[in-house]
Amino acid sequence: MAVIIIRTLLCSMLHFTTSFLLSPPTRRAFFHSSTKANYGYPHKSRALYLNRILFDASEIDGMNSHINNADNENDDSIESKEWMATVTLPKSDYRTIHMAKILGLQNGDAVRAGSVVTCDEVRDDANYNSDNDGSADANNSHQTNHHLQGLLTDQAIIQWIPEGKIKKAEPTKNGEPPGSVRLYIPPPPQTTFQTQDNDNDNYSKPPISLLLALPRPLQLQRILPMISQLGVDTIILTHAAKVPKDYFGSHLFRKTELIRDLLIEGLTLSGDDLRLPRVVVSKRPVGELFEELKVRFPMEDWVRVIAHPERKSVNKNGDEVEVVVKDVVRMTDVDFPMEKNGKRRKLLVAVGPEGGWEEPNELNLFEKHGFQK
């Protein structure tokens, strides 16, 4: 039940975000049909159902690698062309399996691809200090080829590399990949770069962040891809009165690359967005979190909203019972005072645990610190 409630809330946030916060091209998630590039592989194109094949910059083989400068000008093979970079994925990789079994791609087919843009990744506030913002990479290997983050193309050409007893460079009859697969990234203008410093409106930081009371680990695994798909800028996983402390001992926090993989999973269905959300883990009580929120989400730039079901207030006086029902504030009714000064709308949404935020203590704290309910 809790998962259904959180999913419903996230879907409402998506509708609100796309309708009121984001410019239309920003959250454009659409399907793309594969196109046939003429590289000597006669094959009928197929429809692709995955928005984009994403990879980490560290997985890129290198710029202008695996390119043969053939002397024969009539050579029309893939290797003879000019490529910006290549990415080789092993046979057992889930993306390789997806391209073979689900998409049924053949040599010479084009696929939408991109390299994710990372930020602070997963940070535990136990190591927080004001000098370095407590940021830490989930995996140091992600720093490799950092300058290649944000590659975006709709024309990455695939080439199967048979392995073992398989000789044909095509998926097997049962849809299994014949071996590893190599993606050839074309040079500009077919390939563009999207980085955190890009001022393009289509790639500005999402104007919505999420303060989420830590759910059960299994639920967190289901929720993170959805949050990433929505285009959230920052996710703060926080403690609350109704959150058991042992939730923070989850394997997800011992191996933070698992969180990263879940975020990438959601990002593959997010159109042209390549930026991974920043994840902050806070084990402190809610009351001690507001000082950090003041720095990270200043009230002059961010509107704060707490998602909590409105309760009925019952006053008992002898046999008489008075029920007071307060007006419900919908997401579309949230006031954005910064708009009057020409600033961009930014929203921080606080979502409680399965049992909701503690009443009245936690709710009063949120309201005291400017959260609209």
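1. Y247 sits in a loop of this predicted model. The loop runs between strand 10 (234–238) and helix 4 (251–254).

2. Is Y247 buried or exposed? Y247 has a relative accessible area of 18%. Because buried means under 20% relative accessible area, Y247 counts as buried.

3. What does Y247 touch, apart from its neighbours within four places in sequence? The contacts of Y247 are L214, P215, R216, P217 and F253. One of these, P217, is 30 residues from Y247 along the chain, and the C-alpha atoms of Y247 and P217 are 6.6 Å apart.

4. A separate topic is the pairing of aromatic rings. The count of aromatic pairs comes to 7. In the pair W357 and F366, the ring centres are 4.6 Å apart and the planes stand at 55°. Planes over 60 degrees apart would count as edge-to-face and those under 30 as stacked, so the pair of W357 and F366 is tilted. Both W357 and F366 are buried.

5. F366 also pairs with F371. Their ring centres are 4.9 Å apart. Why is this pair classed as edge-to-face? The planes of F366 and F371 are at 85°, and the class applies because that angle is over 60 degrees. F371 is buried, as is F366.

6. Which residues do ring pairs link into a cluster? The cluster consists of F290, W357, F366 and F371. Among its members, W357 and F366 form the tilted pair, while F366 and F371 form the edge-to-face pair.

Methods: Residues are numbered from 1 along each chain as its sequence is written. This is a predicted model: local features need pLDDT of at least 70, side-chain atom pairs count only at pLDDT 80 or more; totals for chains, interfaces and linings use all residues. Side-chain values use heavy atoms; hydrogens and water are left out. Helices (H or I, at least four residues) and strands (E, at least two) are DSSP runs, numbered from the N terminus. Buried means under 20% relative accessible area, exposed over 50%, partly exposed in between (1.4 Å probe, protein chains only). Contact means heavy atoms within 4.5 Å. Rings of Phe, Tyr and Trp (its six-membered ring) pair if their centres lie within 6.5 Å; planes under 30 degrees apart count as stacked, over 60 as edge-to-face and the rest as tilted.
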